[in-house]
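Subject: Structure handover

Hello,

Here is the structure I said I would pass on. My notes on what turned up in it follow below.

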Amino acid sequence: MKILIAILLCSFILTAQAQEYEHGEIKQSTSGDIQVWNANSTQWSDAETFWLNFEKTNEGNSWGRSTKYPNYDDVNEFDTIIIELEQGACLMQFYHARWRRANDVQRWNDNFNEYGSCPYVFD
């Protein structure tokens with residue numbers, strides 16, 4: 001009986017902790033790196049791991065990582081690509097006939113638009 005109560009208590013604590021954060025919420029770690037909450041896996045990860053996990057569950061195709069966008073006629077709604085610029089990477093999503101920052105489509109945390117190359121993808 002004590003084991004059952006302990007298991008239920010642990011489950012309650014984990015559920016309560018998971019509900020404290022919104023999917024895509026960003027925090028800065030003690031080392032200065034950003035961490036992103038993934039509600040699907042109920043854990044913190046770096047931004048690029050968060051993006052890769054999103055690509056796995058996204059309904060569109062992933063075009064991987066590149067410095068160039070794929071041919072316009074080959075992409076479909078919700079396709080994704082991680083664009084590499086000298087400033088870093090940014091997850092892009094094809095939405096309403098054009099490439100957009102995935103955060104502008106998914107509306108995770110506004111700070112994603114300041115991460116990596118996201119502020120520069122339209123320059």
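W99 is buried, at 11% relative accessible area, which is under the 20% cut-off. Please keep in mind that this is a predicted model. The ring of W99 pairs with that of F94: the centres are 5.3 Å apart and the planes stand at 70°, so this pair is edge-to-face. F94 has a relative accessibility of 5% and is therefore also classed as buried.

W99 has a further ring partner in Y69, with 5.6 Å from centre to centre and 35° between the planes, which makes the pair tilted. What does this pair tie together? Y69 sits in the loop between strand 4 (62-66) and strand 5 (80-85), while W99 belongs to strand 7 (residues 98-101), so the contact joins parts that are 30 residues apart in sequence. Y69 is partly exposed, because its relative accessibility is 34%.

The search of the whole structure gave 13 aromatic pairs. Elsewhere, F50, W51, F54, W108, F112 and Y115 are linked by ring pairs into a cluster. There is also a charge placed over a ring: K27 lies over the face of W44, 4.5 Å from the ring centre.

The bond is between C90 and C118, with an S to S distance of 2.1 Å. Its S-S torsion is about 100°, so the disulfide is right-handed. C90 is in strand 6 (residues 88-95) and C118 is in the segment after helix 3 (102-106), so the two cysteines tie together parts 28 residues apart in sequence. Are they buried or exposed? Both C90 and C118 are buried.

For the chain as a whole, there are three helices and seven strands. Along the sequence their order is α-β-β-β-α-β-β-β-β-α. The protein chain has 123 residues, and buried residues make up 33% of them. Its accessible surface is about 7,900 Å², with 50% belonging to carbon and sulfur atoms. Of the contacts with a separation of 6 or more, 32% are between residues 24 or more positions apart.

Regards

Conventions:
Residues are numbered from 1 along each chain as its sequence is written. This is a predicted model: local features need pLDDT of at least 70, side-chain atom pairs count only at pLDDT 80 or more; totals for chains, interfaces and linings use all residues. Side-chain values use heavy atoms; hydrogens and water are left out. Rings of Phe, Tyr and Trp (its six-membered ring) pair if their centres lie within 6.5 Å; planes under 30 degrees apart count as stacked, over 60 as edge-to-face and the rest as tilted. Helices (H or I, at least four residues) and strands (E, at least two) are DSSP runs, numbered from the N terminus. Buried means under 20% relative accessible area, exposed over 50%, partly exposed in between (1.4 Å probe, protein chains only). A charge sits over a ring if NZ of Lys or CZ of Arg is within 6 Å of the ring centre and within 35 degrees of the ring normal. Contact means heavy atoms within 4.5 Å. Accessible areas come from the Shrake-Rupley method with a 1.4 Å probe; for residues, only the protein chains shown count as cover. A disulfide is a pair of cysteine sulfur atoms within 2.5 Å.
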